[in-house]
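Please work through each task with the sequence and coordinates at hand before reading its solution.

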Amino acid sequence: MANQKNPYEILGVPKNASEQDIKRAYRKLALEHHPDKNKGNKESEAKFKEINEANEVLSDSKKRAYYDQTGAMPGDHGGHGGGNPFAGGGNPFGGGGFDVDFGGGGFGDLGDVFESFFNGGQRASSKRKKAGPYRGNDMETTIKLKFDEAVFGTEKELVITKLDRCEKCNGNGAEPESKIITCKTCNGTGELRAIRQTMFGQVATQRPCDMCEGRGKVPERTCTHCQGTGRHKKTDSVKIKIPTGVDTGSTLKVTGRGEAGPLGGENGDLYVQIIVEKSKEFLRDGYDIYTEKEISVPQAVLGCEIPIKTLYGEIKLRIPSGTPSGKMFKLKDYGVQKINSSDRGDHMVKVTVAIPSKLSRKEQELYEALLKEKK
Ligand SMILES: [Zn+2]
Ligand SMILES: [Zn+2]
């Protein structure tokens, strides 16, 4: 295959180009190199073909993702020794989110590798792999947590239904003992060519063979359990460890627990979106906690010690004499423990002074006496 060229370079667009950018670049180049305009010009003809191939990949989100991940054109299984233009890094989604190393050990017993955590950022793409069977789809699910579960961390079991690897054929789609033969649909090339009508006239396109998923080979007898697809619907239960400090909007990534790839392709990942219930007692903002506490006029005037309920139990807060209503007190490190850290946020207590509207006879006399005293 001659598809060693980078489709982004061919269309002259950056790796993060939008669909619109790609469409625009493609139109411009395709018009420029269209065979009708360049009759007999071999160079233009080759260029036109190249542009269409590049567009074929970049205009299809699945193919584009496949290329971004593998550095290979879908269906490109020919040797590409050093041809990978992305070799050595170059994460096209670079910059978004942040990875946290959970250190492995602690979660080993859960059977899942809990790879990263990030808040609202973009997903970091997973490791590059060589061209081969397609990777399975990533999956996304939502989990609701109680306030305390999010603050203190917990373990949860998620049950998801997904396309999982067929256990009878171990994903290769072949009946046990069956031979693997050359795909008759694509004659072993792994791709199908077609003439397509486009706004520029007829265009030859190629796409991975449906029959063999681009492998060029198929089993002689297909697995009866999965009809040769290598996967089938299954219910999977995934245990996940929720770290302390997650909040609504946090996403957890469980590597390799998404859908199985067709015909033995690598699994996608599972993304778990977190929603946290509100607490009746605590208002949370990031890692900080906010509460209010009412004190009486004499308490504010004379000073006092009041009990405050915190995430970590009740403590006594000293209110100095002459405290005005609305004053904030900071309980340092009484907030939420930060993700993957021993640091905590703070707990802010807003103290308000309650002005009585109904007074007992005794209180009435005392306030009147006070009033006289002040004159
Ligand atoms: Zn099977
Ligand atoms: Zn085929």
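**Exercise 1.** Determine how the axes of helix 2 and helix 3 are arranged.

*Solution.* Step 1: the axes of helix 2 (residues 19-32) and helix 3 (residues 42-58) come within 10 Å and cross at roughly 165°. Axes are lines fitted to C-alpha atoms, for helices over the stretch in contact, with angles from 0 to 180 degrees between N-to-C directions; helices are DSSP runs of H or I with at least four residues, and strands are runs of E with at least two, numbered from the N terminus.
Step 1: helix 2 is therefore roughly antiparallel to helix 3, the term for angles over 145 degrees.

The model is predicted: local features need pLDDT of at least 70, side-chain atom pairs count only at pLDDT 80 or more, and totals for chains, interfaces and linings use all residues. Residues are numbered from 1 along each chain as its sequence is written, while chains are lettered from A and ligands numbered from 1 in the order in which they are written.

**Exercise 2.** Identify which residues of helix 2 and helix 3 meet.

*Solution.* From helix 2, I22, Y26, L29 and A30 meet F48, I51, N55 and L58 of helix 3 (contact: C-beta atoms, placed from the backbone, within 7 Å).

**Exercise 3.** Describe the open sheet that four strands form.

*Solution.* Step 1: the strand order is 11-12-16-15, with mixed pairing; two strands pair if DSSP finds at least two bridges between them.
Step 1: strand 11 (283-285) and strand 15 (327-331) are the edges, each pairing on one side only.
Step 2: from one strand to the next, the twist averages 30°.
Step 3: three bridges join strand 11 to strand 12 (residues 288-296) in the antiparallel sense, and R284 stands opposite I289 in strand 12.

Conventions. Angles under 35 degrees count as roughly parallel, over 145 as roughly antiparallel, 65 to 115 as roughly perpendicular and the rest as oblique. Two residues are in contact if their C-beta atoms, placed from the backbone, lie within 7 Å.
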